[in-house]
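This report goes through selected features of one structure, shown below. Please keep the view open while reading.

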Amino acid sequence: MDKIFNLEYTLFFSSIPFLVIGFIGNVLVVRIVHKTREMHTPTNYLLVSIAASDIISILLWPLYFFEVWKFICKLVVLVELCIMASCFTITVLAVERCHALLKPYRTGLRLRDDNVKKAIACIWVASILICLPETFFKEWSETYETCIGPWTLYLNQGSKACVILNVVVCFLQLAITMYCYGSLIRGLYFTDTVCAETDGERRSEKKKLVITFILVTIGFFIGNTPTIASYVIIPAGDGTTDVRFYGQLTSVADFIFSVSLCFNPFIYASRSTNFKEGFKRVILRRNPQRHDEVAQR
């Protein structure tokens, strides 16, 4: 147990710089969009929703590195809620971009200023409904002196059902996202059927925006896949897993996820002119000239 404890402490303290950077970066993303009127676009509002999810996860994720006490046992469900909300938002971004570029004259699935907030509210409500059952099955065990239930080594039938539901939803979201971005990449780079009539500069911006969202999606799944695997595959096994090995594996997965929470602000700053200038304005107190927003619709 000492080795597990030492590994948890090592990974936890190693993750602190990434958590701090991620917290500051995502707070700046929210602030920049809020303070910059030309960035009040549906796309940027969805990015703010992802940033808010990351902020909450950063504040609560350290609980996963150690044994959680009874009074906060159910609190960690908020992290799983935020992960689900981010996954939904990434899927909505993919569907909206795919629909906008492949079928630009059909507005049925297009997000506008008057409906994007409703879409974000639906994302969070759906995430709450999916994750809510976990609060009933996650509880403190005096026997194991740790939390048991969904996303732990100790699963009952109800916990397994919750985990299966989450995994199925996530895989459906991943399949939809991969289909949408696969269609866009094929149309933009291979068949040249997307935005073929658009001028070179505008077409380049659309390509850049698609790649930006793909990078956000890749970062999200790189950070989450080890966590999902460690919290699902082993607990679903034959019950003979070494507790020490499981503790080490989940600690490493938790560390990878905590590192991934600082990716998005760097992606936005490197690929969006307005975000880059926004970071300069906030951090360096500069007042740059207005630039066209890359994510402008």
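## A charge over a ring

Lysine 207 is placed over the face of tyrosine 189, and 4.8 Å separates it from the ring centre. This distance, like every other value in this report, comes from a predicted model.

## Aromatic pairs

A pair of aromatic rings is described by two quantities, the distance of the centres and the angle of the planes. Six aromatic pairs are present in the structure. One of them is edge-to-face and joins phenylalanine 18 to phenylalanine 255, with 6.3 Å centre to centre and 85° between the planes. Phenylalanine 18 belongs to helix α1 and phenylalanine 255 to helix α8 (residues 243-260), so this pair ties together parts that lie 237 residues apart in sequence. Phenylalanine 18 has a relative accessible area of 30% and is therefore partly exposed.

Tyrosine 268 and phenylalanine 275 also form an aromatic pair, and this one is stacked: the centres are 5.2 Å apart and the angle between the planes is 25°. Are the two residues buried or exposed? Tyrosine 268 is buried, at a relative accessible area of 2%. Phenylalanine 275 is buried as well, at 1%.

## The nonpolar surface patch

Ring pairs also link Tyr9, Phe12 and Phe13 into a cluster.

Which helix supplies the largest share of the patch? Helix α1 (residues 2-35) does, with seven residues. Tyrosine 9 is part of this helix. With a relative accessible area of 34%, tyrosine 9 is partly exposed, because that category covers values between 20% and 50%.

## Asparagine 264

Asparagine 264 is located in helix α9, which spans residues 263-271. Its relative accessibility is 7%, so asparagine 264 counts as buried; the limit for that term is under 20%.

Which residues does asparagine 264 contact, apart from its neighbours within four places in sequence? They are Ile50, Asp54 and Val216. A further distance can be given for phenylalanine 213, which is 51 residues away from asparagine 264 along the chain. The C-alpha atoms of these two residues are separated by 9.8 Å.

Notes. Residues numbered from 1 in each chain as written. Predicted model: local features only at pLDDT ≥ 70, side-chain atom pairs only at ≥ 80, totals over all residues. Heavy atoms only, no water. Helix = DSSP H or I, 4+ residues; strand = E, 2+ residues; numbered from the N terminus. Buried < 20%, exposed > 50% of the residue type's maximum accessible area, 1.4 Å probe, protein only. Phe/Tyr/Trp six-rings, centres within 6.5 Å; stacked < 30°, edge-to-face > 60°. Lys NZ or Arg CZ within 6 Å of the ring centre and 35° of its normal. Contact = heavy atoms within 4.5 Å.
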